[in-house]
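I opened this entry to keep track of what I looked up, one item at a time. The notes follow the order in which I went through the structure.

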Amino acid sequence: MCEKIGVACKMKGMKGERRTHFKVLLIEDDEDDYVFLRDLLEEIERVDFKLDWVSTYHEGMEKITRGEYDVCLLDYRLGAGDGIGFIMEAKSSRLSVPIIILTGQREYRVDLEAMKTGAADYLVKDQINPDLLERVIRYSVNRAETTEALRKAQSELEVRVKERTAELEAAYVSLKKSSEKLKLFAYSIVHDLKNPAISVYRLTKRLMDVYGDNLTPKMQQHC
């Protein structure tokens, strides 16, 4: 069963495993917020979080494009830039790392825009606690891994479909050639047999016309 649906079985196994290590990139221009989030992550005893911190938009983009992180915590306000613009740039570069927006206060418009842009989640800083932070990170990473597994499975399936289509087209061409050869062979057989068959027919017809009255019924039937 798993050999036939290997991708599905792989994904099922992935969901069943509980990760204990996460590499986290924090893009935050306020050092106090960095310390606050670092301390929250250190309070989570059952999971090991390796946290890297950068304070600017461009440093964050340079870091995240390396593909070394499981998840990114992104401050919505980053000087001249903002989290929405950062996510859009990351998505345009086809980065699959989940990005969680952090903001100082709940804003429905920002929340909605973040989700539409492709943020994995949205957290208000003064409402974050260790359990919430761990859960959001874990769910975001799991969703990203599942989405990536589905994307790879779809890509592999498309490749297999193209390969199979090419095989069928090649088989059709080969069958068509064989059919043409068979038609030519049949035509040559008919042509080769036509003249002697006509000769035999004429001979038996002449035999019936000339000697029919002298032939027995069985001989007439043969003719």
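**A charge over a ring**

I started with lysine 23, and its charged end sits over the ring of tyrosine 69, 5.2 Å from the ring centre. I note here that the model is a predicted one.

**The sheet**

Next I looked up the strand order. I found an open sheet of five strands, running β2-β1-β3-β6-β7, with parallel pairing. Which strands stand at the edges? They are β2 (48-54) and β7 (121-124). Each has a single partner strand, so one side of each is left without a neighbour in the sheet. From one strand to the next, the twist averages 25°.

Strand β1, residues 21-27, joins β2 in the parallel sense over seven bridges. Opposite isoleucine 27 I found valine 54 in β2.

I also checked what packs on the sheet. Helix α4 (residues 83-92) does, and it touches β1, β3 (71-75) and β6 (99-103). The direction of α4 makes about 170° with that of β6.

**Arginine 94**

I moved on to the loop between α4 and β6, where arginine 94 is found. Its phi is near 60°, which is a positive value in a residue other than glycine. Is arginine 94 buried or exposed? I noted a relative accessibility of 77%; the cut-off for exposed is over 50%, so arginine 94 counts as exposed.

**Aromatic pairs**

I counted three aromatic pairs. I wrote up two of them.

The rings of phenylalanine 22 and phenylalanine 49 have centres 5.6 Å apart and planes at 20°. Planes under 30 degrees apart count as stacked, so this pair is stacked. The pair links distant parts of the chain, with phenylalanine 22 in strand β1 and phenylalanine 49 in strand β2, 27 residues apart. Both phenylalanine 22 and phenylalanine 49 are buried.

The other pair I wrote up is tyrosine 57 with phenylalanine 86. Why is this pair edge-to-face? The ring centres are 5.3 Å apart and the planes stand at 80°. Over 60 degrees counts as edge-to-face, so the pair gets that label. This pair, too, links distant parts of the chain: tyrosine 57 is in helix α3 (residues 57-64), phenylalanine 86 is in helix α4, and they are 29 residues apart. Tyrosine 57 is buried, with a relative accessible area of 15%. Phenylalanine 86 is buried as well, at 0%.

**The nonpolar cores**

I recalled a general point before this step. In soluble globular proteins, nonpolar side chains tend to be buried together.

Here the largest nonpolar core has 24 residues. Which residues have the most contacts inside it? I listed Ile27, Ile64, Leu74, Phe86, Ile99 and Ile101. At least two residues of this core come from each of β1, α3, β3, α4, β6, α5 (108-117) and β7. The largest share is four residues, and it comes from α4. Apart from this core lies another one, of 21 residues, among them Val24, Tyr34, Leu102 and Ile137.

I went back to isoleucine 27 to list its contacts. Not counting residues up to four places away in sequence, isoleucine 27 touches Val54, Thr56, Gly60, Cys72, Leu73, Leu74, Asp75, Leu78 and Phe86.

**Helix α6**

Arginine 138 lies in α6. At 7% relative accessibility, arginine 138 counts as buried. Leaving out residues up to four places away in sequence, arginine 138 touches Arg18, Arg19, Phe22 and Val47.

Glutamate 148 is also found in helix α6, which covers residues 130-211. With 22% relative accessibility, glutamate 148 counts as partly exposed. Glutamate 148 and serine 96 are 52 residues apart in sequence, and 7.6 Å apart in space from C-alpha to C-alpha.

**Tryptophan 53**

I ended with tryptophan 53, which is found in strand β2. Tryptophan 53 is partly exposed, with a relative accessible area of 31%. Not counting residues up to four places away in sequence, tryptophan 53 touches Leu26, Glu28, Glu31 and Tyr34. How far apart are the C-alpha atoms of tryptophan 53 and lysine 194? I noted 92 Å, for two residues 141 residues apart along the chain.

Conventions: Residues are numbered from 1 along each chain as its sequence is written. This is a predicted model: local features need pLDDT of at least 70, side-chain atom pairs count only at pLDDT 80 or more; totals for chains, interfaces and linings use all residues. Side-chain values use heavy atoms; hydrogens and water are left out. Two strands pair if DSSP finds at least two bridges between them. Axes are lines fitted to C-alpha atoms, for helices over the stretch in contact, and angles run from 0 to 180 degrees between N-to-C directions. Contact means heavy atoms within 4.5 Å. Buried means under 20% relative accessible area, exposed over 50%, partly exposed in between (1.4 Å probe, protein chains only). Rings of Phe, Tyr and Trp (its six-membered ring) pair if their centres lie within 6.5 Å; planes under 30 degrees apart count as stacked, over 60 as edge-to-face and the rest as tilted. A charge sits over a ring if NZ of Lys or CZ of Arg is within 6 Å of the ring centre and within 35 degrees of the ring normal. A nonpolar core is a set of buried Ala, Val, Leu, Ile, Met, Phe, Trp, Tyr and Cys residues joined through side-chain atoms within 4.5 Å.
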